[in-house]
Amino acid sequence: MYKYDQYDQQMVDTRVEEFRDQVRRRLSGELTEEQFRPLRLQNGLYLQLHAYMLRVAVPYGTLSSAQMKVLGDIADKYDRGYGHFTTRQNIQYNWIKLEDTPDILADLAAVEMHAIQTSGNCIRNISSDQYAGAAADEIVDPRPYAELLRQWSSFHPEFLTLPRKFKIAVIASETDRAAMRLHDIGIKMVKNDAGEIGCQFYVGGGMGRTPMIGPMIREFVPLDQLITYSEACLRVYNRYGRRDNKYKARIKILVHELGKEEYTRQVEEEFAHLLTQGIEPPLAELERIKPYFDDPAFEAGASDDLDLSDPDFRLWVERNTHAHKQAGYVIATVSLKPVGGIPGDASADQIRLMADLAKEYSFDELRVTHAQNIVFPHVRKADLYTVWQKLDEAGLGTANLDSVGDIIACPGLDYCSLANARSIPVAQKISERFGSAEKQAEIGELKLKISGCINACGHHHAGHIGILGVDRKGVENYQLLLGGSEGADTSLGKITGPGFDEDGIVDAVEKATNVYLANKQGEERFLDTYRRIGMDPFKEAIYG
Amino acid sequence: MKILTGNDLKTGAVTWWTGVGWSLDVNDAADVGDNGAAVIAREEGAQNVFAAYVIDGEKTAEGVRPAHIKDRIRALGPTVRPDLTLKPSDPNALNWVI
């Protein structure tokens, strides 16, 4: 994985000391909260419902064991013994003290991490496919390109005060595992007829109160124009994106209001101009980055045999592992969704255990997924049973990936100052209702996503079943959506009808799954059946 | 009643105005009547708290209860982690929050 050069390290170290001084001035009263707020937000420090919250960037979701271990240590030393992995492949700490923050950032900088641009109207952490570099179906590892974009977007002076926040995802396979088309810019690495690798650009996707699927605006951008084309997309947005209304300030609104054709025309015009300016980094920089993402030293001839005589292990292998490009290896996903648990939360001990296991069994590497799980990208099949046993002993052996128990949920009103309703208790109740392995197996793949407000951090628009918490005169109420998807077949869910209370929404989810089970044909997933039979049978069952 | 809440500058912890100072326990909250804005100006100016605001509340036999669910959750802690609330040993502590 990528290693900081002297410039990366100097930038991060300098920022730590700068923020240390800013915190000192805030605590001494030299800075008011109004003056300090944008400074702390630029360093990922929010004020949430109960305390300061620190959001730490995990570039394209990739972590080393040493980094993961520090994340666990921070949870112990500065927080309350746990961290929360987020839907943007980051980690959040919920109980941070302002006076500790510079030391936390220094601890992070020591392992090449930071919290810069995890807040504010700037380009946020670049996200990617959690299976990058390991999946059998990718045409190329997308992370070198994500890393180049990270370097370009870090402290980019022109894009630090955009109309709104800006999220970019990069993938390199037909199977979209990063919700690429629901980002401000989605980049899909593709191969053209000549066999050259390039970038397909999708712009103007997003969730929130106005969900949009990003349209493709260019089929192929050569690698030596990636940054220039990205700059053109951002520059048009920065120039014409609305600043008068924060609810209409995202690029999706600009693309929608201008129309894809006109936005594209303006981007192309800007692109042509920028090409004359020579802003593209030389391809040598990309070539410098690429070797950091070279394959690890896989064991040639590693055995593909797996002893599946332990039924619990068999179930976990069936659900939580994915084909690896290298014979004798698998990609293993650690579910952070135990039955009745809090989606995305892991204790300090669990975080450190995963760090240790990755060091020993996954070439020192882990990934954070946007579904709030952790991936060991390169596990030798011969080691898999040992890995699972150690995970299971620590409460991390749940076999439910992409099933109804693998729920994405935002922190909701239990932690978030923007939320209107709690998300986590609903996730816990659904997880318990559908907790049995038999029930989950019967239902199969079902992506259920819960947001506690219209900002949609829980991706409810993209859930096969989505749940949106709203405030009805001070009382929590939950709307049900069906038919969303964030994969290659991206679609937006539709609201079924009137909302429910906390128990009612759990019942409604069960009724929806019963309709699916009664109507499914062959190997259809929930989503397939919904798309075939439509909303009406579900509404009839839910509202009678 | 009108009660005043904010966050401690150093820790970010939720605090409640008692009439003479700040407390972590909502039950210590005082009725600020129409004086909320003046207290906020003074206390934020003195760097004692930040992000302070006045909310509606009710004095019940069991204690002071903020009117809105968001402030009730702020008052006690996350409902999904009773071990992290202000009264982790009280199994009924969360009963009035939801």
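How far apart do the C-alpha centres of domain 3 of chain A and domain 4 of chain A lie? In this predicted model, the separation between the two centres is 26 Å.

## Domains of chain A

The domain assignment divides chain A into domain 1 (6-109), domain 2 (127-291), domain 3 (311-393) and domain 4 (408-543). Where domain 3 of chain A meets domain 4 of chain A, the contact draws 8 residues from domain 3 and 9 residues from domain 4. The side of domain 3 of chain A that touches domain 4 of chain A consists, by class, of 5 nonpolar, 2 polar and 1 charged residues.

## Helix H12 of chain A

Helix H12 of chain A spans residues 384-393, and its buried residues are A:Leu384, A:Val387, A:Trp388 and A:Leu391. These residues cover an arc of only 95° around the axis, which puts them on the same side of H12(A). An α-helix has 3.6 residues a turn, so residues three or four places apart point the same way. The cover over the buried residues of H12(A) includes helix H10 (311-320), strand E12 (329-334), helix H11 (348-361) and strand E15 (374-380) of chain A. After H12(A) comes A:Gly395, which has a positive phi near 75°.

## Strand E8 and its partners

Strand E8 of chain A covers residues 185-191; 5 of its 7 residues are buried, so the strand is largely enclosed by the rest of the structure. On one pairing, strand E7 (residues 168-171) of chain A runs parallel to E8(A) and is joined to it by 4 bridges. Within E8(A), A:Ile187 is the residue opposite A:Val170. Strand E9 (residues 197-203) of chain A also pairs with E8(A), here in the antiparallel sense and over 7 bridges. In that pairing A:Gly186 stands opposite A:Tyr202 of E9(A). The hairpin of E8(A) and E9(A) has 5 residues between the strands, and A:Gly195 in this hairpin takes a positive phi near 85°.

| Strands | Sense | Bridges |
|---|---|---|
| E7(A) and E8(A) | parallel | 4 bridges |
| E8(A) and E9(A) | antiparallel | 7 bridges |
| E4(B) and E5(B) | antiparallel | 3 bridges |

## The nonpolar core and A:Phe201

Which residues of the largest nonpolar core touch the most other members? Of its 175 residues, they are A:Val170, A:Phe201, A:Cys233 and A:Met354. Helix H6 (residues 226-240) of chain A supplies the largest share of this core, 8 residues.

Not counting residues up to four places away in sequence, A:Phe201 touches A:Ile185, A:Ile187, A:Met216, A:Ile217, A:Arg218, A:Val221, A:Tyr229 and A:Cys233. One of these, A:Arg218, is found in strand E10 (residues 216-222) of chain A. The C-alpha atoms of A:Arg218 and A:Phe201 are separated by 5.3 Å, although the two residues are 17 residues apart along the chain. A:Arg218 has 19 other C-beta atoms within 10 Å and is partly exposed, because a residue is buried if 20 or more lie within that distance. Leaving aside neighbours within four places in sequence, the contacts of A:Arg218 are A:Gln200, A:Phe201 and A:Tyr229.

## The loop at A:Ala421

A:Ala421 belongs to the loop between strand E16 (408-409) and H13 of chain A. Is this residue of chain A, A:Ala421, buried or exposed? A:Ala421 counts as buried, with 29 C-beta neighbours inside 10 Å. Apart from neighbours within four places in sequence, A:Ala421 is in contact with A:Gly412, A:Leu413, A:Gly452, A:Gly469, A:Val470, A:Asp471, A:Glu476, A:Asn477 and A:Tyr478. A separation of 22 Å is found between the C-alpha atoms of A:Ala421 and A:Gly483, which are 62 residues apart along the chain.

## Chain B and its contact with chain A

Between the chains, 23 residues of chain A are in contact with 20 residues of chain B. Helix H13 (residues 424-433) of chain A provides the largest share of the side of chain A that touches chain B, 3 residues. By class, this side of chain A has 12 nonpolar, 4 polar and 7 charged residues.

Chain B contains an open sheet of 5 strands in the order E3-E2-E1-E4-E5, with antiparallel pairing. Strand E3 (22-23) and strand E5 (64-66) of chain B stand at the edges; each has a single partner strand, so one side of each is left without a neighbour in the sheet. Strand E4 (residues 49-59) of chain B is joined to E5(B) by 3 bridges, and B:Lys59 stands opposite B:Val64 in E5(B).

Conventions:
Residues numbered from 1 in each chain as written. Chains lettered and ligands numbered in written order. Predicted model: local features only at pLDDT ≥ 70, side-chain atom pairs only at ≥ 80, totals over all residues. Buried ≥ 20, exposed ≤ 12 C-beta atoms within 10 Å, placed from the backbone. Helix = DSSP H or I, 4+ residues; strand = E, 2+ residues; numbered from the N terminus. Arc of directions from axis to C-beta. Contact = placed C-beta atoms within 7 Å. Domains from an automatic or database assignment. Nonpolar A, V, L, I, M, F, W, Y, C, P; charged D, E, K, R; others polar. Core = buried A, V, L, I, M, F, W, Y, C linked by C-beta atoms within 7 Å. Pairing = 2+ DSSP bridges.
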